[in-house]
Amino acid sequence: MDPSSSTDKLEREFKQAQQFGRWLSDDERLALEEEEAEALRMIEQQRQRRLRLIVFTGVCVLIPPLWGLAAGLSFYLLFPDAAKRVALIAGGGLIVVAILSALMIGYLMLTAVNILF
């Protein structure tokens with residue numbers, strides 16, 4: 001083991017001990033390292049997903065029938081939180097409209113059946 005890497009590891013552990021006010025046990029240190037690794041993995045996955053969406057948006061811009069999809073993807077890439085809220089509200093609105101239209105069609109069919117028979 002390299003003496004410089006050993007020194008770096010000890011310095012890192014000392015900084016963690018200062019931060020937490022005590023030395024961490026091996027299990028706690030492993031759990032902390034796993035959390036950091038998971039956070040780095042999540043950031044990398046988000047970066048990859050964002051890159052794929054940017055490429056897909058570029059392809060949609062080049063194909064005129066997909067310009068609406070490109071506009072939606074651009075909105076999502078620029079304002080992800082607002083786009084999620086808009087999609088949630090729009091989805092809820094579509095569900096309400098679908099239920100109301102099904103009830104209206106059922107009512108109209110019952111009315112037509114009563115009139116004919």
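Q: Which residue forms a salt bridge with Arg47, and how far apart are the closest N and O atoms?

A: A salt bridge is read from the distance between a side-chain nitrogen of Lys or Arg and a carboxyl oxygen of Asp or Glu, which has to be within 4 Å. In this predicted model, Arg47 forms such a bridge with Glu44, and their closest N and O atoms are 2.7 Å apart.

Q: How many salt bridges does a search of the whole structure find?

A: The search finds 2 salt bridges. Besides the pair already described, Arg41 forms a salt bridge with Glu38, with 2.6 Å between the closest N and O atoms. Arg41 and Glu38 also both lie in helix α2, and they too are 3 residues apart, about one turn of the helix.

Q: Why does Arg41 count as partly exposed?

A: The general idea is that a residue is called buried under 20% relative accessible area and exposed over 50%, with partly exposed in between. Arg41 counts as partly exposed because its relative accessibility is 45%, and Glu38, with a relative accessible area of 36%, is partly exposed as well.

Q: How many aromatic pairs does the count come to?

A: To read such a pair, one looks at the distance between the ring centres, which must lie within 6.5 Å, and then at the angle between the ring planes. The count here comes to 1 aromatic pair. Phe75 and Phe79 form this pair, with 5.7 Å from centre to centre and 50° between the planes, and the arrangement is described as tilted. Phe75 is partly exposed, with a relative accessible area of 35%, and Phe79 is partly exposed at 45% relative accessibility.

Q: Which residues line the largest pocket?

A: A pocket can be read by asking how much space it holds, which residues line it and which elements supply them. About 190 Å³ of space lies in the largest pocket, and the residues lining it are Gln45, Gln46, Arg49, Arg50, Leu53, Tyr76, Leu77, Pro80 and Lys84. At least two residues of the lining come from each of the helices α2 (26-62), α3 (67-78) and α4 (80-116), and the largest share, 5 residues, is supplied by α2.

Q: How many residues of this lining are nonpolar, polar and charged?

A: The lining of the largest pocket divides into 4 nonpolar, 2 polar and 3 charged residues.

Notes. Residues numbered from 1 in each chain as written. Predicted model: local features only at pLDDT ≥ 70, side-chain atom pairs only at ≥ 80, totals over all residues. Heavy atoms only, no water. 1 Å grid on protein atoms, 1.4 Å probe; cavity = no way out; pocket = protein on both sides within 12 Å on 5 of 7 lines; lining within 4 Å. Points joined across faces, edges and corners; volume = space filled by probe spheres on them. Helix = DSSP H or I, 4+ residues; strand = E, 2+ residues; numbered from the N terminus. Nonpolar A, V, L, I, M, F, W, Y, C, P; charged D, E, K, R; others polar. Buried < 20%, exposed > 50% of the residue type's maximum accessible area, 1.4 Å probe, protein only. Phe/Tyr/Trp six-rings, centres within 6.5 Å; stacked < 30°, edge-to-face > 60°.
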